[in-house]
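I begin with the structure itself and then write down what I looked up.

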Amino acid sequence: MTMPRQRGLTEQAADAAIDSACRLLRLPSIRNEFSDIADRAIKDQMTYRGFLAELLMAECDDRARRRSERRIKAAGFPREKSLRSFDFDANPNIDPATIHTLASCEWIKKSQPLCLIGDSGTGKSHMLIALGTEAAMKGYRVRYTLATKLVNELVEAADEKQLNKTIARYGRVDLLCIDELGYMELDRHGAELLFQVLTEREEKNSVAIASNESFGGWTKTFTDPRLCAAIVDRLTFNGTIIETGTDSYRLASTRARTEQPAQAG
């Protein structure tokens, strides 16, 4: 039988009861913030409904933040990169309006691909990680991997009779980010396994890639011309292609930093 609740609790008893209830109901944000929100409610003369709304919104906002953090962590990004930290002035090849349109994630909603093509130091990986992070923050399941790492994982899975399971795992995420595609030559078996992953995702989930090779140079990575053409088709159909150029702004930035002390001297 449930005991009737006492009325007219002291402030100390009320705080203890709220703390206990929040622990039981798993409401950590309300437990941590209710005292400050209650003080603010008194100061701002909130209604009871207004006070309750503030408490519940604090919990909802914090849960959304924690979910975003979990999705970003699950994506496996090697480092933090954001659109805010990208220097668009340093690379005029990248159109800010195009990038901010991509940040809305409509292309992921439509299961379209994205290709970032350009030399080292032109911002491809930064953009890939930043747009992947934006997608994770908006609720999409994202996975980042290096092309060679993905192929090695697929080869091992095939050897261990786990290929279908591995391909299905990569097929489930909303956005698969493949970095450094084109840096190393892939044998026919590895290329075919990668093609299976792309086929699994075709028109169902988005793929974003970053490559230092133009599509014409991909025959160095995928030595079978027909397979190469099929992979390019999978990665470009109804997609967005951004050419980040050949001038490394990362190298230019390093040179500028080293030249400044020399000029000062």
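Before reading any accessibility value, I noted the terms: a residue is buried under 20% relative accessible area, exposed over 50%, and partly exposed in between, with a 1.4 Å probe and protein chains only. This is a predicted model, in which local features need pLDDT of at least 70 and side-chain atom pairs count only at pLDDT 80 or more, while totals for chains, interfaces and linings use all residues. Residues are numbered from 1 along each chain as its sequence is written, and side-chain values use heavy atoms, with hydrogens and water left out.

Entry on salt bridges. I looked for salt bridges, where a side-chain nitrogen of Lys or Arg lies within 4 Å of a carboxyl oxygen of Asp or Glu, and the structure holds 16 of them.

I looked up D224 and R188, whose side chains form a salt bridge at 2.0 Å, N to O. D224 lies in the loop between β4 (206-211) and α10 (225-236) and R188 lies in helix α9 (residues 188-201), so this pair ties together parts that are 36 residues apart in sequence. R188 counts as partly exposed because its relative accessible area is 44%.

I then turned to R40 and E54, which meet through their side chains in a salt bridge of 3.5 Å, N to O. This pair links distant parts of the chain, with R40 in helix α2 (residues 28-44) and E54 in helix α3 (residues 48-75), 14 residues apart. R40, at 37% relative accessibility, is partly exposed, and E54, at 27%, is partly exposed as well.

Next came R65 and D62, with a salt bridge of 2.5 Å, N to O, between their side chains. Both lie in helix α3, three residues apart, which is about one turn of the helix. Is D62 buried or exposed? I found that D62 is buried, at 16% relative accessibility, whereas R65 is partly exposed at 40%.

Entry on cysteines. A disulfide is a covalent bond between the sulfur atoms of two cysteines. Taking it as a pair of cysteine sulfur atoms within 2.5 Å, I found zero disulfides in a search of the whole structure. For C22, the nearest cysteine sulfur is that of C60, 13 Å away, and C22 is buried at 6% relative accessibility. For C115, the nearest cysteine sulfur is that of C177, 12 Å away, and C115 is buried at 0%.

Terms used
Helices (H or I, at least four residues) and strands (E, at least two) are DSSP runs, numbered from the N terminus.
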